[in-house]
Amino acid sequence: MTSNRHTPPKLDWGLVLILMLLFLVSAISIYSAQTTGQYTENFLLKQIVWYMVGTGIIAAVITLDSDQLKKISWYVYGLGILLLGFLIIAPSSIAPVINGAKAWYKVPGMGSLQPAELVKVFIILVLAKTIDDHHQKNAIKTMQTDLWLLIKLVGLTMVPLMLVMQQPDLGTSLVFLAIMLGMIFISGISWKLLAPIFGTGAALAGTIFYFVLWHPDILEKYLGVKEYQFARIYSWIDPYNYQSSTGFQLTRSLLAIGSGETSGKGYGTREVYLPESHTDFIFSIVGEEFGFIGASIVVSLFFLLIYHITKIGMETKNNFYTYICVGVISMVTFHVFQNVGMTIGLLPITGIPLPFISYGGSSLMGNMLAMGLIFSIRYHYKKYMFSTSD
């Protein structure tokens, strides 16, 4: 019997191609958005710069192997907590309030930095290490060990989540929860423990939603919820009754995407006015200009990205790497599902950008940092193949 060691390509060229295609979509869409009269800045040039910065981040992260990533996981997690915590007490000269949220730091030469975008990836790292370490220390699984692992995963996620809720930023908080749930599902915790917990949570969420729709006065009286806080839900369910206020963005998005029909109106021939379309509602530009076909291509690119990361996670024999892949998949999937869903009215508007396509330096840096982890997995792992010969 002979053994042949096969080392995969050092650089994942398939992932490079997917990211290049997403960059192309981003550049085309942002350039179209900034040609309208409401903008004077060159967002495309800034996005190109952010992509260059993101490439540098990937180049730095790709050199780190699994042992090094484990060593730094707690340090970057702690740094993320400090950055989120300091936002609360930072003066407006350092952390201004933008659109009602105190979520950004002013950075000379960079504009602003939203630390929560980076913390998403830091959470993935520390949860992956926690799961891997737990299973190494507890070779024999019991309900007690599973419960302890669940408590650790929830606790580690709740600390940054509560800090983000103080900003307030519901969208990012939901991303944190999506990452946590994805990693809980893959962590090996018994379903005998998870089923009643998630069942109770689903029932509670359904009950709250029922009261929001039919008995909001009870929530106002006993939970202190303000009337204006229901507006986002109401404008999502019936946007046309709120199109002069909270439903304006959604109704314009629906009109833009719907008017694109099958093949779109053509590049640069948008007719629907949509504020801030280069950020969270960039999918509306794709839908209007390139129609159902163009929108389907963009969604297919994300499916290809998720499939590619899934394949990497299944091929690697390193459990820590697998957990990282699951965390990244959870993050990207939720971003895409929520962003596309809110632009077509399937989900409430939460201000979540479309990964790699929406304009935004912090979001892009966070996503490129996550891709750096995936590139690192492909860069460092080795595959062994065995064959027999006469």
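Author: What follows is a set of questions and answers on the terms applied to this model.

Author: The model is predicted, so local features need pLDDT of at least 70 and side-chain atom pairs count only at pLDDT 80 or more, while totals for chains, interfaces and linings use all residues. Residues are numbered from 1 along each chain as its sequence is written, and side-chain values use heavy atoms, with hydrogens and water left out.

Reader: Why is Glu261 called exposed?

Author: The term exposed means over 50% relative accessible area, buried means under 20%, and partly exposed lies in between (1.4 Å probe, protein chains only). Glu261 has 62% relative accessibility, and therefore counts as exposed. Glu261 lies in the loop between H10 and H11.

Reader: What makes Phe356 a buried residue?

Author: Its relative accessible area is 2%, so Phe356 is buried. Phe356 is found in the loop between H12 and H13.

Reader: How do you know that the span of H13 is close to the expected one?

Author: A helix is a DSSP run of H or I with at least four residues, and a strand is a run of E with at least two, numbered from the N terminus. The expected span is 1.5 Å times one less than the number of residues. H13 has 20 residues, and 28 Å is expected; from its first C-alpha to its last, H13 reaches 28 Å.

Reader: What makes H13 a mostly covered helix?

Author: Of its 20 residues, 18 are buried.

Reader: Which residues does Met371 touch, and what counts as a contact?

Author: Contact means heavy atoms within 4.5 Å. Leaving aside residues up to four places away in sequence, Met371 touches Leu15, Leu19, Ile58, Leu305, Ile309, Val328 and Phe356.

Reader: What is a nonpolar core, and which residues touch the most other members of the largest one?

Author: A nonpolar core is a set of buried Ala, Val, Leu, Ile, Met, Phe, Trp, Tyr and Cys residues joined through side-chain atoms within 4.5 Å. The largest nonpolar core has 94 residues, and those that touch the most other members include Leu22, Met371 and Phe356. A second, separate core has five residues, among them Leu250 and Phe281.
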